[in-house]
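Work through the exercises below with the structure in view. Try each task before reading its solution.

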Amino acid sequence: MNGSAATRRRLRTRPLFWVALILLVALVAGYLGRPEGQRAGNTLRSYFRTTPDGVAALARGIDRLGRHTEPWTAPFVDADALRGTIVLLDARRSPSPREIRALLNHVRSGGTLLYVPRYGTSRGRTLQTALMDSLDVVFRFRTTREQALDQYLREPRWAEDPITDGLALPSRLVRAFRIGYRGADGAGEGGRDSAAVRDSTAAGNRPPAGHVDAPGVKPLLTATAVDSTAWMAAAELRKGSGRVVILAEAGPLSNARAANHPVAVLAVRTALSYTNAADTVFFAEYHQGIRGYRSRAEVLGQFFARTPQGRALLHLILLCFLVLACVGVRFGAPAPAVAPPDRERRSPLEHVSALGDLYRKAGATRTTALLLLARLARVTRHPPPRDTAEADELLSRLDAEQGSETPLARARQGLHEDPPDLAAIAAGIDEHLSRRFHS
């Protein structure tokens, strides 16, 4: 137990442990905060999303009722080859002119397009995308007054049609459109179309719901605005052998509202009625910004890079690493280069004297003598002596003069004393080496 506790304590003091711990916490937090389940950072009518803003429930419902559904993650350049129904809901990326041509060819050859245009405004009027312009669809502008007073479209009415039979009336409609009425200035209150319709209404001639002068237009759901003008919230536009079913809002088709909203039932009936059993209902995911299936790593990467929560967590992780780096870095040398006055270092001579005192107190005088002779052996390229006999042999071999007054003879005499005379040995060695190098 004590060994494992000590191991854990040592592990906690290592920076690598804290680096691994921070990365683990970051991955867990990123996984728990990923935009799935009941959380999403933006509104996206995607086949893949199970969040309240997605349309996964709509796709699953169509699939369970007998029509195969698939996401389409490529441009509509080859839309002619798609058999069945194409679902384009509040697209974040508008189709290109080439894609629009392919889509309309798909419809004319017998296909179906379930389409919710993207609502946009600028300077008191609604905007038209290229596809809306091709279909001649114009949104009604919802004024600031209507938004402030929570005013919505009134008197919703379903037209008589097999796909609207028995549907309940929606409780609240916000957006509406017209088809086949070009030249409307803003298509809202104060626009030329509104004035013309009001004049017609005042004369006692109420216009048809949604102004359906364009050929091939069949209103499915109509309503009346606060200025008593008629608009469409759902309609069918015939093109060749096929059709475009246009809805004003994508919110009723979302996971949060599809379970009990009649417009969602209308969308499901459209897919079931106008798609053969052998064909497929394709959800246009490419125009929602999704270009393929994403791995968990890509989801986490997008969370850390493109969402406010992810960026905040990423900055917190970087701050933790910075603190960890600062804790592990030594700022300056562990000891000063010059000792303080009260702790000045000893000179080499004092160091040698202290070391000699230690040898003398330990009674290791003979060991000291052998260490002194080891220096002589290294200079003369001989092996250092290991005992007194080898030291005496070394001195005899190097003493060429063979006299009693030579430096090495005095060193030999000091070696054989008891205890050895270290001063005589050191002096003899120094004198011998001085003569050798200066002769």
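This is a predicted model: local features need pLDDT of at least 70, side-chain atom pairs count only at pLDDT 80 or more; totals for chains, interfaces and linings use all residues.

Residues are numbered from 1 along each chain as its sequence is written, and side-chain values use heavy atoms, with hydrogens and water left out.

**Exercise 1. The whole chain**

Task: Describe the secondary structure, burial, contacts and surface of the protein chain.

Solution: 
Step 1. Take the helices (DSSP runs of H or I, at least four residues) and the strands (DSSP runs of E, at least two), both numbered from the N terminus. The protein chain has 15 helices and twelve strands.
Step 2. Turn to burial. Buried means under 20% relative accessible area, exposed over 50%, and partly exposed in between, with a 1.4 Å probe and protein chains only. The protein chain has 439 residues, and 41% of them count as buried.
Step 3. Look at contacts, meaning heavy atoms within 4.5 Å. Consider those between residues at least 6 apart in sequence: 62% join residues at least 24 apart.
Step 4. Finish with the accessible surface, from the Shrake-Rupley method with a 1.4 Å probe, where for residues only the protein chains shown count as cover. For the protein chain it comes to about 25,000 Å². Carbon and sulfur atoms account for 55% of that surface.

**Exercise 2. The cavities**

Task: Find the cavities and describe their linings.

Solution: 
Step 1. Start with the idea. Rolling a probe the size of a water molecule over the atoms shows where empty space is left.
Step 2. On a 1 Å grid over the protein atoms alone, a cavity is a set of points where a 1.4 Å probe fits but cannot get out, and lining residues have an atom within 4 Å of a point. Grid points are joined across faces, edges and corners, and a volume is the space filled by probe spheres set on the points.
Step 3. Search the whole structure. Two cavities of 30 Å³ or more turn up.
Step 4. Take the largest cavity. Its volume is about 60 Å³. Its lining includes Leu 173, Arg 175, Glu 249 and His 261.
Step 5. Sort that lining. Ala, Val, Leu, Ile, Met, Phe, Trp, Tyr, Cys and Pro count as nonpolar, Asp, Glu, Lys and Arg as charged, and the others, Gly among them, as polar. The largest cavity has eight nonpolar, one polar and two charged lining residues.
Step 6. Take the second largest cavity. Its volume is about 30 Å³. Among its lining residues are Arg 45, Val 55, Val 87 and Phe 283. By class, six are nonpolar, one is polar and two are charged.
Step 7. Trace the strands. Strand E2 (84–89) and strand E12 (280–284) each supply at least two residues of this second lining. E2 gives the most, with three residues.

**Exercise 3. Phe 283**

Task: Is Phe 283 buried or exposed, and which residues does Phe 283 touch?

Solution: 
Step 1. Locate Phe 283: it sits in strand E12.
Step 2. Check its accessibility. Phe 283 counts as buried because its relative accessibility is 2%.
Step 3. List its contacts, leaving out residues up to four places away in sequence. Among them are Tyr 47, Ile 62, Trp 72 and Val 87.
Step 4. Compare sequence with space. Phe 283 and Ser 46 are 237 residues apart in sequence, yet 7.9 Å apart C-alpha to C-alpha.

Note on methods:
On a 1 Å grid over the protein atoms alone, a cavity is a set of points where a 1.4 Å probe fits but cannot get out, and a pocket is an open set with protein on both sides within 12 Å along at least five of seven lines; lining residues have an atom within 4 Å of a point.
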